[in-house]
Amino acid sequence: MPRLAILDLDGTLVDSVDDLATSVNHALRAVGLPERGIPEIRSFVGEGARVLLERSVAPHAGRLEPALAAWWKHYEDHCLDRTRLYPGISALLDGAGRVLAVHTNKPGALARKILAGLGVLERFTVVVGGDEAPRKPDPAGVHAIRARVGASPAETVFVGDSAVDVATARAAGVSVVAVTWGLGAREALVRAGAAVLVDDAAGLAPWLA
């Protein structure tokens with residue numbers, strides 16, 4: 001079993017869709033565009049803040065920069081209004097015997113703020129955001145985390161909820177476990193090449209303990 005577990009954030013550790021959607025719609029109002037529904041915004045999440053806003057303002061690409069600025073200011077202030085750990089995650093982290101890290105496409109400062117606000121930041125040796133390494137599915141972030149921890153690919157597992165996470169793990173040459181409670185549909189995870197899927201925190205425990 002691997003001795004390093006790298007986990008995605010949104011859709012894997014935390015349910016953040018409501019706060020993300022609220023900030024997206026604040027940004028859309030700020031640039032004079034209509035709001036979008038939560039299911040639609042949910043489908044935009046996973047490839048970083050800029051991509052989230054690019055998709056949200058489309059086809060009005062010229063409004064991206066002011067929308068992104070409005071999103072940043074609002075989300076920094078409201079990223080913990082309704083964001084919560086998924087059921088069982090706190091106990092799962094408490095019982096982990098592996099070195100734990102987070103690799104997310106969310107900006108690193110925001111990722112650490114959320115993890116700290118939820119009381120779990122200290123459980124992670126490394127947190128790498130999408131502005132601190134090439135965004136997933138580029139494997140550079142995984143390689144950087146492995147190097148810092150001193151873990152080989154064979155000793156590393158990547159845990160995520162999306163096809164992007166599966167692609168990241170495969171590009172990095174590490175094992176992957178896909179969780180089904182997040183943003184990605186089971187069928188999409190299987191199509192992406194995930195062979196191990198877990199449906200709850202108890203199912204993930206053997207990969208961390």
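Helices (H or I, at least four residues) and strands (E, at least two) are DSSP runs, numbered from the N terminus. By that rule Ser-56 falls in helix α3, residues 49–57. The model is predicted: local features need pLDDT of at least 70, side-chain atom pairs count only at pLDDT 80 or more, and totals for chains, interfaces and linings use all residues. Residues are numbered from 1 along each chain as its sequence is written, and side-chain values use heavy atoms, with hydrogens and water left out.

**The sheet**

- Six strands form an open sheet in the order β5-β4-β1-β6-β7-β8, with parallel pairing. Its edge strands are β5 and β8 (197–198), each of which pairs on one side only.
- Two strands count as paired if DSSP finds at least two bridges between them. In general, strands of a sheet pair through backbone hydrogen bonds, either parallel or antiparallel.
- Strand β1 (residues 4–7) runs parallel to β6 and is joined to it by four bridges. Here Ile-6 stands opposite Phe-158.
- β7 and β8 pair in the parallel sense over two bridges, and Ala-178 stands opposite Leu-197 in β8.

**Strand β6 and its crossover**

- Strand β6 (residues 156–160) is mostly covered, with five of its five residues buried. Buried means under 20% relative accessible area, exposed over 50%, and partly exposed in between (1.4 Å probe, protein chains only).
- In a regular strand the side chains alternate between the two faces of the sheet. In β6, Thr-156, Phe-158 and Gly-160 point one way, while Val-157 and Val-159 point the other way.
- β6, helix α8 (residues 163–172) and β7 make a right-handed β-α-β unit. Right-handed means that, with the strands pointing away from the viewer, the path from the first strand over the helix to the second runs clockwise.

**Lys-136**

- Lys-136 lies in the loop between β5 (126–128) and α7 (140–149). Lys-136 counts as buried because its relative accessible area is 3%.
- The side chains of Lys-136 and Asp-8 are joined by a polar contact of 2.8 Å. A polar contact is a pair of N or O atoms within 3.5 Å; within protein, one must be able to donate a hydrogen and the other to accept it, and residues adjacent in sequence count only if both atoms are side-chain atoms.
- The Lys-136 side chain also reaches the backbone oxygen of His-103 at 3.1 Å.
- Not counting residues up to four places away in sequence, Lys-136 touches several others, including Thr-104, Asn-105, Phe-158 and Val-164. Contact means heavy atoms within 4.5 Å.

- Ser-56 counts as buried because its relative accessible area is 2%. Its side chain reaches the backbone oxygen of Leu-52 at 2.7 Å.
- Leaving aside neighbours within four places in sequence, Ser-56 is in contact with Val-24, Leu-28, Arg-36 and Phe-44. Val-24 and Leu-28 are among the buried residues of α1.
- Helix α1 (residues 17–30) has 14 residues and reaches 20 Å from its first C-alpha to its last, close to the 20 Å expected at 1.5 Å a residue. The expected span is 1.5 Å times one less than the number of residues.
- The cover over the buried residues of α1 includes β2 (14–15), α2 (38–44), α3 and α4 (64–78).
- After α1 comes Gly-32, whose phi is positive, near 80 degrees.
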